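Have a go at each task before you read its solution.

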Amino acid sequence: MTKIKYYFPKILLTFLLIFLLIGTELSLLAHQSFLTYKAFETVTVQQHLDEKAYTAVENYFKSRANSTGIPAEVYLNAITQENMKQGILSSVSEAFDYLHHDVKTYAFTMDFTALEASVTEFFNQYAEENGYQKDEVFQQKVQANIQEAEAKILYIADTFKFGTVAEHGWLTKLRQFLDIFKKIMTVLCISTGVILILLLLCCKENFSELFYWLGLTGIISGLLISVPCLYLLGTDYFSGFVVKDAQIFSAVVGYLQYMTHQISTAFLITGITGIIFLILFGIIQKAKRDILPRL
Amino acid sequence: MAEHNQKSSLPVYLLTGIFLLILCVAVSIGILIMPYEKAQTYLNIVFMDQNMKIAPSSGLNGLVIKENEIETPPVSDIPEEQQKFYENGKIIRPAFGEQYAVLKCDDISLSVPVYWGSTSELLERGACQTSSSVVLGENGNVVIDAHVNTFFADLPKLTPGNTIVLYTSYGIFTYQVSEKIQFLNTDKKYVLPTEEDRLTLYTCEAQVLGTSDNRTGVICTLVSKQFYNPAEETNP
C-alpha cells in the first residue's frame, strides 16, 4: 500500500508527461520545421520538382500540337525550368502569405509576359502569312489560347496542390486552425513545464529517481511515435500514392516522407535521451549501493 | 536495509516501465482507433497503389504500350492455297495499350497502327480505339479516332464508297464508307454502341487557331469479316 502511494503520483505524472511531451514536440516540429516555407523549398529542390514540372509542360504542349497545329516551341521558348521553379515556390509562398494573414485571398500567378508575346507573335505571323483577318474573333481566339496555356502552366506549377486545397475551403480551415495553433503550442509547453516541476517535487526526497521517470518518458514517447514513423518509411507506404503525375507524386510523397523523417528523427533523439537518463539513473543507483556499505 | 530496498526496487522499476509502456500504447490505440477508422477509407483510396510503388518518370503513368507486327497484304496477293477464311472466327482480345490492328485506306493512302484504348500517349503513336466500343470481329460499333494534325490529317478527304481495311493478327475486316459526319465533342451519339456492325472513324476539325470543339469523321458499313481461324466450338 505504501509502495502504491509512493509510486502512483509519479506514474500518473509520467503518463501525463509522455503525452504532453509528444504533443509539445510535434507542435514545435510543425511550427519550426514542416509547416514552413523552408520545408516546401527543400522538398522542391530534393525532388527536382522544377525539372518534373517542366517535363510535364513540355509533354502537354507537344501533345497539344497534334490537335491544335501550334508548335510546342511557341510556348516552350517562353517558359524555362527556372520559371517553373519560381512558379512552384511562388505557389507555396502565396499559400503561406494567406495562412499568415498577409493576404486576404489565395491567388497564385506567374509572370507570363514572354509567353503572351510569343503566342501573339505566332498568331500574328500566321494571320499575315495566310491572309487571315485580324478581327475581334481573331483577338478572342488569341486571348483564349493564352488563357488556356497559362491556366495549364499554373496547374502544373501548383505541384503541392494548394490551389485545389484552397478551392475546397481547406486552406481557410487550416488558417483558422493555425490561428489557435500557437495558443495550443503555448498551453502544451506550459503544461509540460508544470508537470515537470510537479515530478521534480515528487522526487525531492530521492532526486536521482527523477532521471528514471524522465528516462521512461523519453523512451516511451520515442517508441510511440518513431516506431509507426519508421514503419511508414520502411514499407515506403507513401509511394502507394495514387496520383501518378510525376510532379504531383514527387511533391506529395516527398513532402510526406520529409515530414515523417523529421518526426522520426526527433523522437529517436528523444528515445536516446531517455536511454541516457536511465543509464544515468543506473549509475547513480550503483554509486549509492557502493557508497552505502561504507557509511 | 537500504541496500535491500535498492535491490528489491529493480524489478519494480522494470515492471513500472513495462506497465507504463503498455498503458500508453493502449491509450494511444484507444484515442486513435476512431479517427483511424474514419480516415481508413480515404487512406486506402489515396495510397491504394501499394503493389506498384514505381515513381513515375517516363510520363506514361503506368501505361504499358505493346507494339505488334501485323501483316497487311492485300487479299489478292495472298496465295490461293492460303486464302482460307472463316466468316466467324476466333477473336484475340487485346490488352489496353496494345497495338492490335492496322487501318489501311488506299483511296487516301492511309496506313496507321490502331491501339486498344485511348490516351494522349497512344494518340502520339497511332489511331486509338476506345475500349468502350467492340473489338473488331464482334457485332457492334467499332470506334477509332486519331489526331487531325498527324494520322487522320486526310480523314476529311474520305468520301462515301471508299474502302477501309483493318488487319489484325486474327483476321481482315473490310468496311465501306457510307456517310460523312460532323458533331460536337459533347455529342456522344456516334460513339455509342450500336446493334448493326459499323466502323466509326473521327478526328478533330482542323483549326489552327486553337482547338476545335467540332469533330469530323465517317461511318462505314461492314463488307466482310475474314477470320484466319474458325471459332472454337463449345461443348453443349
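## Exercise 1: a strand residue and its surroundings

Leaving aside neighbours within four places in sequence, B:Thr163 is in contact with B:Cys105, B:Asp107, B:Thr174 and B:Gln176 (contact means C-beta atoms, placed from the backbone, within 7 Å of each other). A quick note before we go on: this is a predicted model, where local features need pLDDT of at least 70 and side-chain atom pairs count only at pLDDT 80 or more, while totals for chains, interfaces and linings use all residues. Residues are numbered from 1 along each chain as its sequence is written, and chains are lettered from A and ligands numbered from 1 in the order in which they are written.

Task: where is B:Thr163 found, and is B:Thr163 buried, exposed or partly exposed?

Solution. 
- Step one: B:Thr163 belongs to strand β5 of chain B, residues 163–168. Helices (H or I, at least four residues) and strands (E, at least two) are DSSP runs, numbered from the N terminus.
- Step two: the cut-offs are 20 or more other C-beta atoms within 10 Å for buried, 12 or fewer for exposed, and anything in between for partly exposed, with C-beta atoms placed from the backbone. B:Thr163 has 14 such neighbours inside 10 Å, so it is partly exposed.
- Step three: take one contact, B:Thr174. It sits eleven residues from B:Thr163 in sequence, and their C-alpha atoms are 7.1 Å apart.

## Exercise 2: follow the strands

Solution. 
- Strands count as paired if DSSP finds at least two bridges between them. B:Tyr167 has B:Ile172 as its bridge partner, and a hairpin links the two strands through two residues.
- Step two: move on from β6(B) to β8(B) (residues 214–227), an antiparallel pairing with 13 bridges. Here B:Gln176 is bridged to B:Thr221.
- Step three: β1(B) (residues 99–105) and β2(B) (residues 110–116) are antiparallel too, over six bridges.

## Exercise 3: two helix pairs in chain A

Task: how are α3(A) and α5(A) oriented to each other?

Solution. 
- Step one: helix α3 (residues 49–68) packs on helix α5 (residues 81–99) at about 115 degrees, with axes 8 Å apart. Axes are lines fitted to C-alpha atoms, for helices over the stretch in contact, and angles run from 0 to 180 degrees between N-to-C directions.
- Step two: under 35 degrees is roughly parallel, over 145 roughly antiparallel, 65 to 115 roughly perpendicular, and the rest oblique. So α3(A) and α5(A) are roughly perpendicular.
- Step three: among the residues that meet are A:Tyr54 and A:Val57 in α3(A), and A:Met84 and A:Ile88 in α5(A).

Now compare α10(A) (residues 209–234) and α11(A) (residues 246–291), which pack at about 150 degrees with axes 7 Å apart. That makes the pair roughly antiparallel.

Key:
Two residues are in contact if their C-beta atoms, placed from the backbone, lie within 7 Å.
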